[in-house]
Amino acid sequence: MSEIDLRPIGTIHSPYTSVRDMPIQPRGALGVAGRVEVFSEFAEGLADLSGFSHVYLVYHFHRAAAMRLSVVPFLDGSARGVFATRAPCRPNPVGLSVVRLREVRGNVLLVENLDVLDGTPLLDIKPYVPAFDRWDVESTGWLAREGRDADTARSDGRFEPGPSSPHAPDLLRSGLARPLAERTKPMQIRYLEIVTPDVDAVCATYARVHGVSFGEPQPGLGNARTATLADGGVVGVRAPMHESEAPVVRPYVLVDDVEAAASAAVAAGAELAHPPLELPGHGKFAIYIQGGIHHGLWQV
Ligand SMILES: C[S@@+](CC[C@H](N)C(=O)[O-])C[C@H]1O[C@@H](n2cnc3c(N)ncnc32)[C@H](O)[C@@H]1O
């Protein structure tokens, strides 16, 4: 079956920067205020939303561990089928929260009752309509008793990617979990960093061999002279920044989430040489070392 491409329509901002010790459902986050920033190209779609007191936020669990089909949910001690739970590590890591809508201010929604991590990519917004959505149900499966604990329970790191996720390595080994790369863009070199004492000579050779042309040194990229390629990738050639910096060619592969990708690399046995860092105007990068070689990650 073919893949489906979804693109974020905005970003959810909440007070929660770590999944540890945060609410597990909106009822456990009563009054917790946040902002939903809708990208300006979609702002027209917010017309008439302010008349609704509650809205559904549909979003990407961008910091979830790789897929698991069997999980021990926050509210239970037994393994359950992932589709009988609200656990984040789903085959399609999509979250759904009904939040209180306090105000629509331009392209920003001021909301309350957020059980979502700060920086979560927003996929959709829909009005919550009791006449459509409220049912008097007969049964709530294994949650019959435990459901009410969602008001007080707090989450821990069990669904985080990387070494803190107790089950992820086993699942990766068994082939059940999808590698992170399957949830990121097709592999593309975003930035090819060349560190050399002969900047101008290397630029001249690349220009001759590959037909690219280099601009002036860019202070935000360590004074690299850069050339942009047809696929959007960039080659940057710079001098070592200090005497002990050795010449190197370092490819930075484009990823959706540099923190998650760096954690996945560490979980796979790599050593983190440079933790994720924002380069204003360029994106975020991280470097890990494996097999004695530098590997870069880049998020735009
Ligand atoms: C159990 S889920 C429920 C979310 C939503 N109400 C639902 O039912 O789909 C809530 C938990 O997901 C985790 N979480 C929240 N935002 C996340 C994100 N962007 N990426 C990964 N995990 C996230 C936190 O551990 C939070 O406590």
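Visitor: Where does Trp135 lie?
Guide: Trp135 sits in the loop between helix 1 (130–133) and helix 2 (143–146). Keep in mind that this is a predicted model.

Visitor: Why is Trp135 called exposed?
Guide: Count its neighbours. Trp135 has 7 C-beta neighbours inside 10 Å. Exposed means 12 or fewer. The count of 7 meets that limit, so Trp135 is exposed.

Visitor: How far is Trp135 from Gly119?
Guide: Their C-alpha atoms are separated by 32 Å. Along the chain, Trp135 and Gly119 are 16 residues apart.

Visitor: Is Asp21 buried or exposed, and how do you know?
Guide: Asp21 has 10 C-beta neighbours inside 10 Å. The limit for exposed is 12 or fewer. Asp21 therefore counts as exposed.

Visitor: Which value of phi does Asn223 take?
Guide: A positive one, near 65°, in a residue other than glycine. Asn223 is in the loop between strand 10 (217–218) and strand 11 (224–228).

Visitor: Why is Asn223 called partly exposed?
Guide: Asn223 has 15 C-beta neighbours inside 10 Å. Exposed needs 12 or fewer, and buried needs 20 or more. The count of 15 falls in between, so Asn223 is partly exposed.

Visitor: What share of the protein chain is buried?
Guide: Buried residues make up 31% of the 300 residues.

Visitor: How is the protein chain divided?
Guide: Into domain 1 (10–178) and domain 2 (183–299). The C-alpha centres of the two domains lie 34 Å apart. The chain holds 5 helices and 16 strands. Its C-alpha trace spans about 75 × 45 × 40 Å along the principal axes.

Visitor: What makes the barrel?
Guide: In the barrel, 6 strands close up in the order 1-2-7-6-3-8. Their pairing is antiparallel. From one strand to the next, the twist averages 45°.

Visitor: How do you know that strand 1 and strand 8 pair?
Guide: Look at the bridges. A pair needs at least two. Strand 1 (residues 10–13) and strand 8 (residues 120–127) have 3 bridges, in the antiparallel sense. That meets the requirement, so they pair. Thr11 stands opposite Pro121 in strand 8.

Visitor: How many residues surround the ligand?
Guide: There are 19. The closest are Val19, Arg63, Arg86, Leu117 and Ser155. Strand 6 (residues 94–105) gives the most to this shell, with 3 residues.

Visitor: How do the residues of the shell divide?
Guide: Into 10 nonpolar, 6 polar and 3 charged. Take two of the closest residues, Val19 and Arg63. Val counts as nonpolar, and Arg counts as charged.

Visitor: What makes strand 14 and strand 15 a pair?
Guide: Strand 14 (residues 271–279) and strand 15 (residues 283–290) share 6 bridges, in the antiparallel sense. At least two are needed, so they pair. In strand 15, Ile287 is the bridge partner of His274. The hairpin has 3 residues between these strands, and Gly281 takes a positive phi near 85° there.

Visitor: In which sense do strand 13 and strand 16 pair?
Guide: In the parallel sense. Strands of a sheet can pair either way, parallel or antiparallel, through backbone hydrogen bonds. Strand 13 (residues 248–254) and strand 16 share 3 bridges. Val253 has Leu297 as its bridge partner in strand 16.

Visitor: What share of contacts joins residues at least 24 apart?
Guide: It is 68%. That share is taken among contacts between residues at least 6 apart in sequence.

How values were computed
Residues numbered from 1 in each chain as written. Predicted model: local features only at pLDDT ≥ 70, side-chain atom pairs only at ≥ 80, totals over all residues. Domains from an automatic or database assignment. Helix = DSSP H or I, 4+ residues; strand = E, 2+ residues; numbered from the N terminus. Contact = placed C-beta atoms within 7 Å. Axes fitted to C-alpha atoms, helices over the stretch in contact; angles between N-to-C directions. Near = placed C-beta within 6 Å.
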